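Please have a look at the structure first, and then read on.

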Amino acid sequence: GLGLGLGGEPEPAPGPGPGPGPAAPSGAQCLEHDCFGIFWAARPFAEASAECERGGGHLMTVRSTVAEDAIALLLQNRSGRLWLGLRLPLPLACTEPAQRLRGFQWVTGDRRTDYSNWAPSERRCGERCVTVSRELRWEERRCEEPADGFLCEYNYAGSCPRLPPAEGLPVTYATPFGARGGDFLALPPGSSAVVPALGLELRCDEEGESEGLRWGRAAPGAWPCRLANGGCEGACGEEGGRPRCSCPDGKVLAPDGRGCSSPCAGAPCQHHCVVADATFLCMCESGYRLAADGSSCEDDDDCAVLPRLCEQVCVNTEGGFECRCHRGYEMLEGRCRPVSRCYEAPCEQRCEDVPGGYRCGCFPGYAVDPRVPTRCLLHCNRSQCPAQCDPHSLSCECPEGFLLDDDADSGQVCVDIDECDMNFCQHNCTNRPGSYECHCHAGYQLLDQNHCVKIPEDDREGEYSGDFGPGPQTPIPSRTPPKAEHLHPGVLVGIAVGALSAALALLALGYHLAKKRCRPPATMDYKCSGPHEKEMGLQPVASGCAA
């Protein structure tokens, strides 16, 4: 029930065993990917391991009960101890009974296992290896002592099933590692099957297009149909005593005369191959056409076949085409559209494409800054406008010349400032939304934004005559003065206080000079004479000192 096969004839229980020399397995069992061989030859552990490696395997690893069942079938109640692929690795000197493998390691270099079956043992030190007996118990023993035999394991990628039994056609099998017999259920690649009654020898190998291993031979064609269908993948028939293979519709006989393959197998088609009865046809992908050789494909010039494929420019590509646009256009949703200059324009709010360029614009409530045409300023052309408020910061802004008025009824509004009430203009004033304009009386002209100067009479009568021109007049600047800035009330107070302080200082200075010119009074006040009087008289006066 394990899917195992036993090859070779049972041998009598071994004696001490022959000395070192080539050994052949006396029996073997195979699974789908693994084979196990039993060798009854007395060898130390190292020599037994080398024997297995010469056959392409290694000493047996027992990682599950399946491998244990294989050992039981191989032993067939024969007594003796056989080496397994377990060894205490150096420099580890002692066993560890608490561990599953007791510190031992498989010859494959790992300690992976789902199974163990140790005989009772205490901790031991020194170079130790493991054997298995008829009771299937694992025992520790010295590696240099010969055991009664050893078990080898061989791993393969796949296997061939044994040939189906045919009356009067016994088969003998031989494995690559030297095991021979007729009772194998699976054979590894490289195995042979000999049928003496037909003078036929087959080999387990990969054949044709079939995935996996099959029994075959070097000579093409079928063998007698009563043995494994003559090796035919399809049907096997005999005409005139000669076996012949045939294949179902849509397939043709492979070169070996036994397998069946598609007519497209090995076909020279560059793109696609289509089966047509027992032959094939080559086909090309869209955008290509079949060349004159019937197998390769050539690119179609789609732009030449359909000249109006694209709106502006058509470029043929390998297996297709590509639509492009002229300079100054770009592809948008499959159509060529003029390139918008607004993509790179520095407009702050709005942009409009115009022939040869772009033009900046502003949202309602804003106007283009005349000094910087790409910027926008808050703008209102009437006496009252809604304020521009930020819903996140709850702050509102008004254009220049307006004040924010929080009206409970209408909300945040901007109200125009009447600059004419501030007496900025020297003569007449006209208020405008956000600004004002000054006007001069007749005979005067505007000097700057606010002030007026008299127009000279001679400017109206023509040029002056005589040697001298008119007297000095107030100069008129050649360029408009900067806008007058209104003084803060604090500045006006400072100027007034400064003027008063200067006046007081002058009065104090005059009093001090006058006092220096008078002599200090004695018991009476005297009148002081002028500096040019030669004689000075003393006269009593009522009070004070006259100079």
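This is a predicted model: local features need pLDDT of at least 70, side-chain atom pairs count only at pLDDT 80 or more; totals for chains, interfaces and linings use all residues.

Residues are numbered from 1 along each chain as its sequence is written, and side-chain values use heavy atoms, with hydrogens and water left out.

**The chain as a whole**

- The protein chain has 5 helices and 40 strands; these are DSSP runs numbered from the N terminus, with helices being H or I of at least four residues and strands being E of at least two.
- Of the 547 residues in the protein chain, 31% are buried (buried means under 20% relative accessible area, exposed over 50%, and partly exposed in between, with a 1.4 Å probe and protein chains only).
- The protein chain has an accessible surface of about 34400 Å², and carbon and sulfur atoms hold 52% of that surface (areas come from the Shrake-Rupley method with a 1.4 Å probe, and for residues only the protein chains shown count as cover).
- Taking contacts between residues at least 6 apart in sequence, 42% join residues at least 24 apart (contact means heavy atoms within 4.5 Å).

**Nonpolar cores**

- In soluble globular proteins, nonpolar side chains tend to be buried together.
- The largest nonpolar core has 36 residues, and Trp83, Phe150, Tyr173 and Trp215 touch the most other members (such a core is a set of buried Ala, Val, Leu, Ile, Met, Phe, Trp, Tyr and Cys residues joined through side-chain atoms within 4.5 Å).
- Elements that each supply at least two residues of this core include strand S1 (27-30), strand S2 (34-39), H1 and strand S8 (149-155).
- Another core, of 25 residues, lies apart from the largest one, and its members include Ile71, Trp106, Trp118 and Leu151.

**Aromatic pairs and a charge over a ring**

- How many aromatic pairs does a search of the whole structure find? The search finds 9 (rings of Phe, Tyr and Trp, the last by its six-membered ring, pair if their centres lie within 6.5 Å; planes under 30 degrees apart count as stacked, over 60 as edge-to-face and the rest as tilted).
- Phe45 and Trp83 make an edge-to-face pair, at 5.5 Å centre to centre with 90° between the planes.
- Because Phe45 lies in helix H1 (residues 45-54) and Trp83 in strand S4 (residues 82-87), this pair ties together parts that are 38 residues apart in sequence.
- Both partners are buried: Phe45 has 3% relative accessibility, and Trp83 has a relative accessible area of 0%.
- Trp118 and Trp138 also form an edge-to-face pair, with 5.4 Å centre to centre and 80° between the planes.
- That pair links distant parts of the chain, 20 residues apart: Trp118 is in the loop between strand S5 (105-106) and strand S6 (128-132), and Trp138 is in strand S7 (residues 138-142).
- Trp118 is buried at 11% relative accessible area, and Trp138 is buried at 1%.
- A cluster of Phe104, Trp106, Tyr115, Trp118 and Trp138 is linked by ring pairs.
- Trp83 has the charged end of Arg141 over its ring, 5.8 Å from the ring centre (NZ of Lys or CZ of Arg must be within 6 Å of the ring centre and within 35 degrees of the ring normal).

**Positive phi**

- Most residues other than glycine have a negative phi, and most peptide bonds are trans.
- Arg102, not a glycine, has a positive phi of about 55°; Arg102 sits in the loop between S4 and S5 and is buried at 9% relative accessibility.
- Glu333 has a positive phi near 55°; this residue is in the loop between strand S26 (329-332) and strand S27 (335-338) and is exposed, at 84% relative accessible area.

**Two more residues**

- Arg226 lies in the loop between strand S15 (214-216) and strand S16 (235-239) and is exposed at 55% relative accessibility.
- Beyond residues up to four places away in sequence, Arg226 touches Ala166, Glu167, Leu169 and Leu198.
- Cys314 belongs to strand S24 (residues 313-317) and is partly exposed, at 25% relative accessible area.
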